[in-house]
Amino acid sequence: MQQYDLETNILACLLLEPDLMKKLKFEDKHFTKRQRLWQFMKAFYDKYQTFDPVLMYNACKNKYSIMTHLEALLDTPALPAMFDVYQEELIEEYNQSEIDKAYISQVYENATNLLVGSITIDDFEVRLAKLSKGRNEYIEGKNKPMEDSLD
């Protein structure tokens, strides 16, 4: 398990202070790297209202795997006092990733149209400029989602 990423720090905070589960702001979709571990911890907390390594070990089928993950989480230098900041950054990172995916998809679509000759180079440059402007405005909070930026 790679240390020092937001998902790992969030899970480590939860393991250290289970009551932080009551302060969750993020959704399941925001976990992109540690989704299985997050789902296990969430289900475990729902049942036991805590994170006890002995109970977690007994609840898991692949005991070696869970212990490896728990040890890595316990070795993570997470600061429970930063839990809210970690959550906000995780959400922001996810949203930025979604914006980038939409932008790349639209650039690819226009490049394909250019390649097959359904638009000209001038059309492509105009569209790319509009996409870039729309992306930047959306990131700055001044615009609606990117798919509307070509209108």
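In helix α4, the residues Ile-66, Leu-70, Ala-72 and Leu-73 are buried (under 20% relative accessible area, with exposed meaning over 50% and partly exposed in between; 1.4 Å probe, protein chains only). These residues cover an arc of only 160 degrees around the axis, which puts them on the same side of α4; the arc is that of the directions from the helix axis to the C-beta atoms. The cover over the buried residues of α4 includes α1 (6-16), α2 (35-48) and α3 (53-59). On the face turned away from the buried side, α4 carries the exposed residues Tyr-64 and Asp-75.

The model is predicted, with local features needing pLDDT of at least 70 and side-chain atom pairs pLDDT 80 or more, whereas totals for chains, interfaces and linings use all residues. Residues are numbered from 1 along each chain as its sequence is written, and side-chain values use heavy atoms, without hydrogens and water.

Turning to the chain, six helices and zero strands are found (DSSP runs numbered from the N terminus: H or I of at least four residues for helices, E of at least two for strands). The radius of gyration, taken over C-alpha atoms, is 21 Å, well over the 15 Å that the globule rule gives for 151 residues, so the chain is more spread out than a compact globule. That rule is 2.2 Å times the number of residues to the power 0.38. Along the principal axes, the C-alpha atoms fill a box of roughly 65 × 30 × 25 Å. Of the 151 residues, 32% count as buried.

Notes: Contact means heavy atoms within 4.5 Å.
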